Amino acid sequence: ALLVIVNGRAKPHDVHAARETYEAAQRVAVPPGVRVSMTGGYVVRVETEKQVKRDLIGTSAISLVGVLLLFVVGFREWRAILFAFVPVTVGRVLTLGFTQVVYGHISGVSVVFSVMVVGLGIDFPVQFYNRWRAEGHVGKTLPGLGPPLLFAALTTTAVMWALVPSRL
């Protein structure tokens, strides 16, 4: 048995430092036939980041497909998908882009928020599409949308503000 200890220069929760330390440990020369196992904060951080990215893709796809199917079932029209898909996708891209710019990485909490943005963001397309179907013309639809969209925005905002006391 051979034990190699690799200490990083920064804390394991620093994503870039954890990745550099992990990669340095992988470059240690190992004789043929020797099995290498790693553990510790740096390995956990790097592997967690990989899992978060896989989960982000999977949960995002499931939530988007689920919401779009509910939208189509509710309105019974396939063209309704465009009304739902565009704003929800743009909202999620902007949310994750903002997270990446501000925090420099996407965490496990980001995965949860991505799915929440889909669930909460569908309120606006539902209000718009329902009103548009009733009015039959975009010019007639927009003036009456203020109160329903304001209410949808307030409920979404309330959900986000409810998270303020959390240390996450």
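Tutor: Let's start with how an angle is defined here: axes are lines fitted to C-alpha atoms, for helices over the stretch in contact, and angles run from 0 to 180 degrees between N-to-C directions. This is a predicted model, where local features need pLDDT of at least 70, side-chain atom pairs count only at pLDDT 80 or more, and totals for chains, interfaces and linings use all residues. Residues are numbered from 1 along each chain as its sequence is written, and side-chain values use heavy atoms, with hydrogens and water left out.

Student: Which residues of α2 make the contact with α3?

Tutor: Contact means heavy atoms within 4.5 Å. On the α2 side, Leu56, Ser60, Ser63, Leu64, Leu68, Phe71, Val72 and Phe75 take part; partners in α3 include Phe83, Phe85 and Arg92. The contact of α2 with α3 has 13 nonpolar, three polar and one charged residues.

Student: And why are α5 and α7 called roughly antiparallel to each other?

Tutor: The axes of α5 (residues 123-135) and α7 (residues 146-161) come within 9 Å and cross at roughly 165°. That angle falls under the cut-off already given, and α5 and α7 are therefore roughly antiparallel.

Student: Which residues of α5 meet α7?

Tutor: Asp123, Phe124 and Gln127 do, and they meet Pro148, Leu149, Ala152, Ala153, Thr155 and Thr156 in α7.

Conventions. Helix = DSSP H or I, 4+ residues; strand = E, 2+ residues; numbered from the N terminus. Parallel < 35°, antiparallel > 145°, perpendicular 65-115°, else oblique. Nonpolar A, V, L, I, M, F, W, Y, C, P; charged D, E, K, R; others polar.
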